[in-house]
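The sequence and coordinates are shown first, and the description follows.

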Amino acid sequence: MRHLSVGQPEAVKVLIDKNLDLLDGFADGTPGRRLRRAISRADKRYRQISTPDTRGFYHGLITGYAVAMKVLQGKVGALRSG
């Protein structure tokens with residue numbers, strides 16, 4: 001497996017594909033529709049940007065959407081207090 005860095009187009013493409021695959025497992029509820037729309041918008045904006053810092057921001061945003069999907073699926077447990 002090749003190492004991909006933050007903001008790199010191949011890394012974002014892999015992440016978007018994984019997000020969309022996760023969304024296919026959701027019922028057609030409002031959260032799933034909103035996430036699909038948000039991911040599509042972030043992908044479109046990512047492709048319009050050429051600066052590395054901004055591309056990194058959208059990569060992080062798309063990663064956050066993946067975490068949101070895991071939360072909706074119940075795969076992220078409660079936070080631990082330390």
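## Salt bridges

Asp17 and Lys13 are joined through their side chains by a salt bridge, with an N to O distance of 2.9 Å; the term denotes a side-chain nitrogen of Lys or Arg within 4 Å of a carboxyl oxygen of Asp or Glu. Both residues belong to helix H1 (residues 9-24), where they are 4 residues apart, about one turn of the helix. Helices (H or I, at least four residues) and strands (E, at least two) are taken as DSSP runs and numbered from the N terminus. Asp17 is partly exposed, at a relative accessible area of 31%; buried stands for under 20%, exposed for over 50%, and partly exposed for values in between, with a 1.4 Å probe and protein chains only.

The whole structure holds 2 salt bridges. Another pair is Arg47 with Asp43, whose closest N and O atoms are 3.2 Å apart. These residues lie in helix H2 (residues 30-48), again 4 residues apart, about one turn of the helix. Arg47 is exposed, with a relative accessible area of 54%, whereas Asp43 is buried, at 18%. Side chains of opposite charge can pair when their charged atoms come close.

## Basis of the model

The model is predicted: local features need pLDDT of at least 70, side-chain atom pairs count only at pLDDT 80 or more, and totals for chains, interfaces and linings use all residues. Residues are numbered from 1 along each chain as its sequence is written, and side-chain values use heavy atoms, leaving out hydrogens and water.

## Overall architecture

The protein chain contains 3 helices and 0 strands, in the order α-α-α from the N terminus. Of its 82 residues, 28% count as buried. The chain exposes about 6,000 Å², of which carbon and sulfur atoms supply 55%; the areas come from the Shrake-Rupley method with a 1.4 Å probe, and for residues only the protein chains shown count as cover.

Among contacts with a separation of 6 or more, 59% are between residues 24 or more positions apart. Contact here means heavy atoms within 4.5 Å.

The axes of H1 and H2 are 10 Å apart, and the helices pack at an angle of about 165°; axes are lines fitted to C-alpha atoms, for helices over the stretch in contact, and angles run from 0 to 180 degrees between N-to-C directions. H1 is therefore roughly antiparallel to H2, on a scale where angles under 35 degrees count as roughly parallel, over 145 as roughly antiparallel, 65 to 115 as roughly perpendicular and the rest as oblique. In this contact, residues of H1 including Val12, Ile16, Leu20 and Leu23 meet residues of H2 including Leu35, Ile39, Asp43 and Tyr46. The crossing of H1 and H2 is left-handed, a label used if the near helix is turned anticlockwise from the far one by less than a right angle, and right-handed if clockwise.

H1 and helix H3 (residues 52-73) have axes that come within 10 Å and cross at roughly 20°. H1 is therefore roughly parallel to H3. Their crossing is left-handed. Among the residues in contact are Val12, Leu15, Ile16 and Leu22 of H1, and His59, Ile62, Ala66 and Met69 of H3.

## Packing of H2 against H3

H2 and H3 have axes 9 Å apart and pack at an angle of about 165°. H2 is therefore roughly antiparallel to H3. On the H2 side the contact includes Leu35, Ile39, Asp43 and Arg47, and on the H3 side it includes Tyr58, Leu61, Ile62 and Leu72. H2 passes H3 in a left-handed crossing.

## Individual positions

Arg36 lies in helix H2 and is partly exposed, with a relative accessible area of 34%. Leaving aside residues up to four places away in sequence, Arg36 touches Leu20, Leu23 and Asp24. Arg36 and Asp24 are 12 residues apart in sequence, with C-alpha atoms 9.6 Å apart.

Ser40, also placed in helix H2, is partly exposed at 42% relative accessibility. From Ser40 to Ile62 the sequence separation is 22 residues and the C-alpha distance 9.5 Å. Gln73, in helix H3, is partly exposed at 31%; its C-alpha atom is separated by 9.3 Å from that of Gly25, 48 residues apart along the chain.
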